[in-house]
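This report describes one protein model for a reader who has not seen it before. Please look over the sequence and the structure first.

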Amino acid sequence: MLIITEKPSVAKDFARALGCSYSSADRAYKTRDGRILISNCVGHLFNLAEPAHYDARFKKWANLPVIPVQFEYEMNPATKATAVKVIKLIKSHKNDEILIATDADREGEIIARECLNAAGVSDYSKIKRFWVSQALTDNVILEGIKNARPDSAYEKLSQQGFSRQKSDWLVGINFTRFLTNKAGTLLTAGRVQTAVLNAIAERCEKIASFVPEKYYEHYGIFSAADGSKCQGIYKDSEGKSAFSKPLTALESGYLCGRKARLKDKRVEEKKILPPLLYNLNELQKDAFKLFGYSADKTLNLVQSLYEIHKCVSYPRTPSKVMGSANTSLCESVFKNLSLAYPDYAPINASADFTLSNKRVFNDAKLEAHHAIIPLEQVPDDTNPDERNVYRLILERFMTAFSKPFVYEKQTAILDAGGNTFEVSGKKIIDEGWHRYCFVNKTGLDTSDEADGQSLSGIDFENLNLSEIETREKMTKAPKHFNEASILAFMENPKTENTEEKLVGLGTPATRHTFIPKLTKAGYIEVKNKNILITEKGTSFLKTVKSSPVSRIADIAQTTEWEEQLDSNPQAFLEGIKEYVKRAIG
């Protein structure tokens, strides 16, 4: 049996589980009896051929559109030696059983099929698919091999991957040439990146045209005889709390000194569960918020922790959960790291490592890889930036098994001289996982309800309005996108005229690449962490929007394409071909 993995580390995991050693002659791992060989790719070993490959006329950018009758592939020059090795092995074993063990997603599927196609494999009857997203312990690997299904079962996934790949090529090649010819200067276009750029431009335009307006909020300070105080915001009969003018001294004087009457009091117990484990996007967002690291830098740091220092799991994952086969692994990691980092050790008594803990162990929400978790103590030879990212991953993992943060949300409605004030606050019952946040004290707490004044000990039946405080405020423009908020936007983009949740732009593994691409093209710049459109970016979008290819700047259109790609990949690809033909044919 020949086993093909996507990356060297996975080939090594399989070799360990199957008792293989490396054979220099075969340039692969091999069992002693030679019945099993394990080789690996290094991501995509093949690229779609350039236009001139099909016809020399396409060397001239004026010949458009470029739509191959049949797409062809060329070896990626950077990984040519690996491609030659893998193709040779597949050809020599094409009559044997072949197990595809690339990543359990559509990219992994087409990485393998590119190799099979290049080796001339047409009979898939002996090809099986290893489909596991859990941590690759020996038992998980052996069970996954045992349960491998025919690769034909993943045909639709393959179609999605190839259709996405070819459509992006068609849009990028054709529209880049078309827009460059139209403008007389190099303008690079992409199916997703142009929509992301347009979102950035729209945000910048909103901020530039924003006119701030002044408004006022009025707060009542209530005091008791024992010296305790609390504050409440004034609300009119319609519940409005923002006003166009301040209270006069006379109005304030009329209200101050009045005894407060308790009209209503509500106490509601709230529980905030620990945050989910990190996927790549969430780690990138928090690393930016806390340390100012770009998405690219965070990926490089966590990749180093994974590949070089081997203290965290595979980072390019969209999942925030672990698989059901990983309960013992998580328990073992937790106990070992509790010894190394005793600040987290008290969690151990209440930690839940059973399958009933669906927030951590959930096969239904598991995608290509499980969540990013720590595996070992961070080595001493790591640099400060690597240790910062490691500590985020460690803390997120350890707190995931802690108890909820429990508090009482308290709301009191007070009347003073016929005027209504709403007093809100909280009383902490159990700090739970909050107690173990040492790195990310505020970033993990995304609940506004968890903030507010403490109302413990306040006797609402015996309060007087002692002071009125008017606060002058200004309406604020929306914030510029930064590395964290643009990732959040791509996860859940919204157009200007709808709050409907749309299909995400790009994938978790590619979203971090768009900002560097747009920066390199000169369309955006980053100043003080804010992402700003440049004159070139504005000019590019103007050219796009005044041309037949304007739909690539439409966020709603881009997400609609993503939905179609998921439901009917063949129709999606044909639709892109027709769009390219109509637009520039």
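Over which residues does pLDDT stay under 50?

## Confidence

The stretch is residues 443-450, for which the model has 21 contacts beyond four places in sequence. Here pLDDT is the predictor's confidence in each residue, from 0 to 100, and a contact means heavy atoms within 4.5 Å. The protein averages a pLDDT of 91, and 96% of the residues score at least 70. Helices (H or I, at least four residues) and strands (E, at least two) are DSSP runs numbered from the N terminus.

This is a predicted model, in which local features need pLDDT of at least 70 and side-chain atom pairs count only at pLDDT 80 or more, while totals for chains, interfaces and linings use all residues. Residues are numbered from 1 along each chain as its sequence is written, and side-chain values use heavy atoms, with hydrogens and water left out.

## Helix 4 and helix 6

The axes of helix 4 (residues 106-118) and helix 6 (residues 155-183) come within 8 Å and cross at roughly 85 degrees. The two helices are therefore roughly perpendicular to each other (65 to 115 degrees). Axes are lines fitted to C-alpha atoms, for helices over the stretch in contact, and angles run from 0 to 180 degrees between N-to-C directions.

Residues making the contact include Arg-106 and Ile-110 of helix 4 and Leu-157 and Phe-162 of helix 6. By class, this contact has three nonpolar, five polar and seven charged residues. Ala, Val, Leu, Ile, Met, Phe, Trp, Tyr, Cys and Pro count as nonpolar, Asp, Glu, Lys and Arg as charged, and the others, Gly among them, as polar.

## Helix 9 and helix 13

Helix 9 (residues 280-291) and helix 13 (residues 483-491) have axes that come within 8 Å and cross at roughly 155 degrees. They are therefore roughly antiparallel (over 145 degrees). Phe-288 of helix 9 and Leu-487 of helix 13 are among the residues in contact.

## Backbone features

Leu-64 and Pro-65 are joined by a cis peptide bond, with omega about -5 degrees. Pro-65 lies in the loop between helix 2 (51-54) and strand 6 (73-75). Most residues other than glycine have a negative phi, and most peptide bonds are trans.

Arg-27 has a positive phi, near 50 degrees, and sits in the loop between strand 2 (21-23) and strand 3 (28-30).

How values were computed:
Angles under 35 degrees count as roughly parallel, over 145 as roughly antiparallel, 65 to 115 as roughly perpendicular and the rest as oblique.
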